[in-house]
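Biologist: Please pick one loop of this model and take me through it closely. Then follow its contacts into the rest of the chain.

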Amino acid sequence: MQSRRMPKTYTLKSKVTVYPGMAAWRFLGLPANEAKEIKEQYGKHAKGWGSLPVSVTIGKTTWDTSIFPDKKSGTYLLPLKGQVRKAEDIGDTDTVAFTLRVR
């Protein structure tokens, strides 16, 4: 029987990216080294659009979501919901510290 590894928790920092358009989505891009490691370790478990389910904590807010590969930047993008931005007082030009664990 093959043993299963416990998911690693990553402690990261990223600047908020605002994607233009009507929705004006906000994202955090994962740093390149961690994105590469996540792809190597968990990429074979990707879901639709290459997404990976994750748990994220920013400040006192924790939620389950997914990260998505971005060909343009070569990393994964973490969607940053309005509810989280409001709860943690995150602005469009902020750099945010967060923890992320692949589920």
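Modeller: Start with Asp89, which sits in the loop between helix H2 (82-87) and S6. Helices (H or I, at least four residues) and strands (E, at least two) are DSSP runs, counted from the N terminus. The model is predicted: local features require pLDDT of at least 70, side-chain atom pairs count only at pLDDT 80 or more, and totals for chains, interfaces and linings use all residues. Residues are numbered from 1 along each chain as its sequence is written, and side-chain values use heavy atoms, with hydrogens and water left out.

Confidence next. pLDDT is the predictor's confidence in each residue, from 0 to 100. The protein chain has a mean pLDDT of 92, with 94% of its residues at 70 or more.

Asp89 has phi near 55°, a positive value in a residue other than glycine. Asp89 counts as exposed, at 67% relative accessibility. The cut-offs are: buried under 20% relative accessible area, exposed over 50%, partly exposed in between (1.4 Å probe, protein chains only).

Ile90 lies in that loop between H2 and S6 too. Ile90 counts as buried, because its relative accessibility is 12%. Contact means heavy atoms within 4.5 Å. Beyond four places in sequence, Ile90 is in contact with Val16, Ile58, Leu80, Val84, Arg85 and Val96. Leu80 is 10 residues from Ile90 along the chain, and their C-alpha atoms are separated by 9.5 Å.

Now follow Ile58, Leu80 and Val84. Trp63 touches them as well; with residues up to four places away left out, its list also includes Val54, Ser55, Val56, Pro79 and Lys81. Trp63 is found in strand S4. At 7% relative accessibility, Trp63 counts as buried. Its C-alpha atom is 23 Å from that of Ala32, 31 residues apart along the chain.

A nonpolar core is a set of buried Ala, Val, Leu, Ile, Met, Phe, Trp, Tyr and Cys residues joined through side-chain atoms within 4.5 Å. The largest one has 23 residues, and Leu30, Ile38, Ile58, Ile67 and Leu100 have the most contacts inside it. Strand S1 (9-18), H1, strand S3 (52-58), S4, S5 and S6 each give at least two residues to this core. In soluble globular proteins, nonpolar side chains tend to be buried together.

Ser66 is placed in strand S4. Ser66 is buried, with a relative accessible area of 19%. Leaving aside neighbours within four places, its contacts are Ser51, Leu52, Pro53, Val54, Leu77, Leu78 and Pro79.

For comparison, take another loop. Trp49 is placed in the loop between H1 and S3. Its phi is near 60°, a positive value in a residue other than glycine. Trp49 counts as exposed, since its relative accessibility is 79%. Asp89, with phi near 55°, is likewise exposed, at 67%.
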